[in-house]
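Trainee: Could you walk me through this model before I set anything up with it?
Mentor: Gladly; let us have it on the screen and begin with the overall fold.

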Amino acid sequence: MSEFVARFPVEVYWEDTDAGGIVYHSNYLKYMERARSDLMRKLNVSQAAALTDPNGYLFVAASVTIRYRRAAKLDDRLTVVTRVTALRRASIVFEQNVMRGDELITEGEVRVGCVSRSTMSPAAMPDELYERIRALLDAAAAESES
């Protein structure tokens, strides 16, 4: 869909690992969540404000596919590489890969849905946010074509 790529650095700490010094499998999902949250922050989306606005909206994970390719270890420096592969009015699909340098550690696809905070039912994201994301993707695509 786009050439837009966001990169989020992660350092592996003791708390991230099992007794063998290997990153525990569920922590990759935490790394991906942090990367998506960081991207939303860069888009000026305040998730904290959405929690207190009864007429607001929230993004919730609707589906996750993950494949573990290699093991990350204590003290590794990783990067979560995030691409938007689909943008719809009520959902966004992210491709998220965890890398150690050029080495693919974990690959994932996460679909988040937009829901009304008051009803927790699917809802279209605000037009202003949708257009902001669309503009970011379009600008990245235009830049990659030039």
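**Fold and selected residues**

Mentor: Along the sequence the chain runs β-α-α-β-β-β-β-α, where helices (H or I, at least four residues) and strands (E, at least two) are DSSP runs numbered from the N terminus. The radius of gyration, taken over C-alpha atoms, is 16 Å, close to the 15 Å that the globule rule gives for 146 residues, so the chain is as compact as a globular protein of that length; that rule is 2.2 Å times the number of residues to the power 0.38.

Trainee: What should I keep in mind about the source of the values?
Mentor: This is a predicted model, in which local features need pLDDT of at least 70 and side-chain atom pairs count only at pLDDT 80 or more, while totals for chains, interfaces and linings use all residues. Residues are numbered from 1 along each chain as its sequence is written, and side-chain values use heavy atoms, with hydrogens and water left out.

Trainee: How much of the chain is buried?
Mentor: Buried residues make up 40% of the 146 residues, with buried meaning under 20% relative accessible area (1.4 Å probe, protein chains only), exposed over 50%, and partly exposed in between.

Trainee: And which residues does Asp 76 touch, apart from its sequence neighbours?
Mentor: Leaving aside residues within four places in sequence, Asp 76 is in contact (heavy atoms within 4.5 Å) with Val 10, Glu 11, Val 12 and Arg 100. Asp 76 sits in the loop between β2 (57-68) and β3 (77-88), and it counts as buried because its relative accessibility is 15%.

Trainee: What lies 2.7 Å from a polar atom of its side chain?
Mentor: That is the backbone nitrogen of Lys 73.

Trainee: Switching to Asn 97, where is that one?
Mentor: Asn 97 belongs to strand β4 (residues 91-100) and, at 13% relative accessibility, is also counted as buried. Not counting residues up to four places away in sequence, Asn 97 touches Thr 79, Val 80, Val 81, Arg 83, Leu 104, Thr 106, Glu 107 and Gly 108.

Trainee: Is Val 84 buried or exposed?
Mentor: Val 84, which is in strand β3, counts as buried at 4% relative accessibility. Its C-alpha atom is separated by 23 Å from that of Ser 121, 37 residues apart along the chain.

Trainee: Last one: how many contacts join residues at least 24 apart?
Mentor: Among contacts between residues at least 6 apart in sequence, 66% join residues at least 24 apart.

Note on methods. A polar contact is a pair of N or O atoms within 3.5 Å; within protein, one must be able to donate a hydrogen and the other to accept it, and residues adjacent in sequence count only if both atoms are side-chain atoms.
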